[in-house]
Structures are given as C-alpha cells and as structure tokens.
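Welcome! Keep the structure open as you read along.

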Amino acid sequence: MMLNNEVIDLRSALELLQSIDGQLVETNVEVDPMGELSGVYRHVGAGGTVMRPTQEGPAMIFNNIKGHPGARVAIGLLASRKRVGYLLGCEPEKLGFLLKDSVNNPIKPVVIPNEKAKCQEVKYYATDENFDIRKLVPAPTNTLEDAGPYITLGMCYASHPETGESDVTIHRMCFQSKDEISIFLQPGARHIGYFRELAEAKGEPLPISISIGVDPAIEIASCFEAPTTPLGYDELQAAGAIRNKPVELVQCLTINEKAIANAEYVIEGEILPGKRIREDIHSNTGKAMPEFPGYCGPVNPELPIIKVKAVTTRKNPIMQTCIGPSEEHVSMAGIPTEASILTMVDKAMPGKLLNVYCASSGGGKYIAVMQFKKSVPSDEGRQRQAALLAFSAFAELKHVFLVDEDVDPFDMKDVMWAMTTRFQADLDVITIPGVQCHPLDPSNQPEYSPHIRARGVACKAIFDCTIPFDQKNRFERAKFMDVDPAHWLPDMFK
C-alpha cells in the first residue's frame, strides 16, 4: 500500500490512482450532467445497490461537460474498497481498524492565511452581476427524475452558535435558484441539524461552508456518527489522524466560518431561519434523488434554505460527485460504521470480534457481517450480545450476520455458505421488533405491514451463522495445500 502522505487533496488522489493500473479512466467526449453522466458511470464502476447492470470499476474523470466550458467532473474515487485502501495507505480488510485508531488519536485542524488557501484562488460573489451557482458549479443529476442538480459530496462545515464547536458532515443539497440551495437535515441524526435548530430558535442564520473536491480521508472521516464522534468532536480530527498531519482550514470571505483550504470548490452561505422550500419545486416529480438503498428518495415538502454569499475555487477546479446508491456510499458510510462497531464490541469483550464488514447490499448502513471468535465454552452466546451492542448504537443497522473466524466476512458468497450450512432459521434467527430503523427503507413503512407503527420503526434481525462451540469438530472446512500461486502465475498474482 502507498504511504498516507502521498495524498493531500483531490488532485494528488487522482495522480495516485493514475499511477495504478485500472484505477482511473477519463474521457474527452461531451457528456450531459443531466442524467447522462451518472448513466455512463453506472456501467463503468458504480456498483453498490445501483440497478443492474453495473460493476465495480475504475474512478472516472469527465473532461467535457455540456453547458460548462472548461469544467471537469470526477466520480467514483471511493467506489471500490481496494481503491480506498490505496488512497488511505491501508490494506482493504484493515480499513475499519485504521479508522478506529484515527478517532482515538485525533489531530486538530489548523487555520492557514487566506493568501495561502488554494480554494480561494478564484472568487465569485453573490453580489456580482450574472452570479449563478448553477453555472459556476457543474453539479449533475443522478437521474432524469431528480428534483434538480445535487451536491452529493459537499463537506458541510458549521459551528455550534454558543460554544463554537464545529462539525463536518455530508448532506443532500439541491440547487434551487441562482443563489439558493436546499439542504436535507435528518432530524436528530447530524450535529449540523442541531446547530441550525439552535440558531433558528434565536432567529439567526447559521453560517455554513460547503467544500467540494477534497482529500478522500476527509470524505471518509466526515461520515462518522455519534456515539463514536459525539457532539463537540470535529471529524476533521480523525481525518488528520489518518494522514498524521492536521487538516488545513481557511477563514471564509463572506461568513464567519471556515472551509477546507485545498478544496476544489467552496460555497459560502447561511442557513436562513424560518424559511423553507419544497425540494422538487422545479421538477414536480415527487422524487429527490437516488439514495443508498437503491430507490429514489421521496421528496421533502419543506427543507431549510442555504442563501449563498460566495463561491471560491481553485484554478481550473474539478467537481467531485457520486451516485447515491453506488459503492462509493458503501465506502463512506460503511467503513466508519465498521470502525465504530469494532470499538464498541472490543470494549465489552476484547479480542473476540475479529472484523466487521458493512456490506454493499445494505448500502454500507443496513447490513453488518461480524466475524466472531469463540475460544472457550463460555463464549457461546456472546456473539449474539456483540450483535446487540452494534444495534444499540447504530439505529440504521437492520441485519447482522454472525460468522466464525474461518469465514471471509468480506465475501458475501462465503457468508451465504455459512448461512446455508451453519444456520437453522428456527434456532438462529433473533428478531427485535418495534425498534428504530432507517426511514429510507421502503419496507420499514406502515404501508408494508400493519405491525409497523410509524415510519422507520420496524424489525431488526440477527442471523447467527456461527458453529455451536461444542460442535466445532463437525464443521471443519476442507484443508487445501498452502502454496504461493505466483510461482505458476506471476502476472496474475504480482
């Protein structure tokens, strides 16, 4: 794997991928950002829960964007766990452990002078004649039914109105006019939503910066959630720990907030108090955009509005985007969740949880495969307690699959093999009805079953595919000779 310090921003990340065979492609053929760009990448490398046919493939740069002369769009940087490993300098199977350690060894961000901030090389102000974010920022739509162009990889940075504690996270944001953006803040799920509520209670706007096109370590770290990163924990500290150097911030030009200094684009604005907008006011489709479960998210009738004050960019900026249900979401949401589950279970039963994989089929949020080691007879049953710990902390988890140490948790075919040969439904399914799940799962709705009381209040399940400790000798896998295949196939295994 590469050294962490070789990647410091989006451009160095792209340079690294360019140097690795099969990890980055680009095209000069014109592409329409309205549906077509995502349609192309769906076939190239989206993966995840995207409608088939799709696949895991290289990241991609589009160099010719219709309606945006000179603009470029990068997509899919994180749409492969192997590629995330390259970008973070870590073996793919150990990424959860890397992030676990990064949270526990935070490095605070630093503020650099404005004149040194690459994100402010070019400046556009909302007071300028003909200012229009829709022309300045080449944000695509995922589908022709989207409510509008969306920023899907914007690092939102805002601060507690009273304490000044800051938070970075990713939200669904749709362009609504030349200087207005709607932002979806799931109630009770993100700290910036809480900051907005505090500011609005006082009748004040909340300053917010949106940094687009940044170091992938920041994109991954920004997806940590409570209780791993509680209120007051700035996730940029974890990104700093991944790189072993502080993230550089810069003071915004028009608002009292900071932004990521080497971002490709920064949008400066304020979330207005008491003002709302219907998300699909221009498209009237009733749909927002494709979300990670693989379905189009329902439109929100009332969303807060960001009033844009300025847009600053690097010279020749590169827009970065992702497809909502792609493997890229799995990487960003799933790996921090893996780290969080590892941390929590290890505190309760050290050394028993060997690894965790938040699988693609769950969008990185709904499914966790937990590899558990039973060493002594008294370990029997503790694997189910470990699953309960994961559920108690992460409401979005729906299914946990428990497997033994001889099962590869990152290979869902191997997991299904364990479920077929080491599992009996009447004995090994544990259901937990009537608990908080994720509202974007269409099966978690009252329309699906009269037993579901409210949207998102549904049933979780544990699938215990581990061998009963007293029967381990009955379930030994066939033992093959351990050889180095590179001796026979050097090109395949180099």
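## Two asparagines with positive phi

Asn-130 sits in the loop between strand S5 (122–125) and helix H5 (133–136); helices (H or I, at least four residues) and strands (E, at least two) are DSSP runs, numbered from the N terminus. Its phi is near 70 degrees, a positive value in a residue other than glycine. Most residues other than glycine have a negative phi. Asn-130 is exposed because its relative accessible area is 69%, where exposed means over 50%, buried under 20%, and partly exposed in between (1.4 Å probe, protein chains only).

Asn-316 also has a positive phi, about 50 degrees, although it is not a glycine. You will find Asn-316 in the loop between strand S17 (303–313) and strand S18 (318–321). With a relative accessible area of 58%, Asn-316 is exposed.

## How to read the model

This is a predicted model, in which local features need pLDDT of at least 70 and side-chain atom pairs count only at pLDDT 80 or more, while totals for chains, interfaces and linings use all residues. Residues are numbered from 1 along each chain as its sequence is written, and side-chain values use heavy atoms, with hydrogens and water left out.

## Two cis peptide bonds

Most peptide bonds are trans. Arg-52 and Pro-53, however, are joined by a cis peptide bond with omega of about 5 degrees. Pro-53 belongs to the loop between helix H2 (36–46) and strand S2 (59–62).

Another cis bond runs from Ala-226 to Pro-227, with omega near 10 degrees. Here the proline, Pro-227, is in the loop between helix H7 (216–221) and helix H8 (236–243).

Is Lys-202 buried or partly exposed? Lys-202 counts as partly exposed because its relative accessibility is 41%. Lys-202 lies in the loop between helix H6 (191–201) and strand S11 (206–212). From Lys-202 to Leu-10 the distance is 38 Å, C-alpha to C-alpha, and the two are 192 residues apart in sequence.

Glu-93 is in the loop between helix H3 (81–88) and helix H4 (95–104). At 39% relative accessibility, Glu-93 counts as partly exposed.

## A span from the record

UniProt, in an unreviewed entry, places the feature "domain: 3-octaprenyl-4-hydroxybenzoate carboxy-lyase-like C-terminal" at residues 332–465; such annotations may be inferred rather than shown by experiment, feature names are shortened, and positions are given in the numbering used here. In the model, residues 332–465 are 32% helix and 24% strand, and the end C-alpha atoms of this span lie 27 Å apart.
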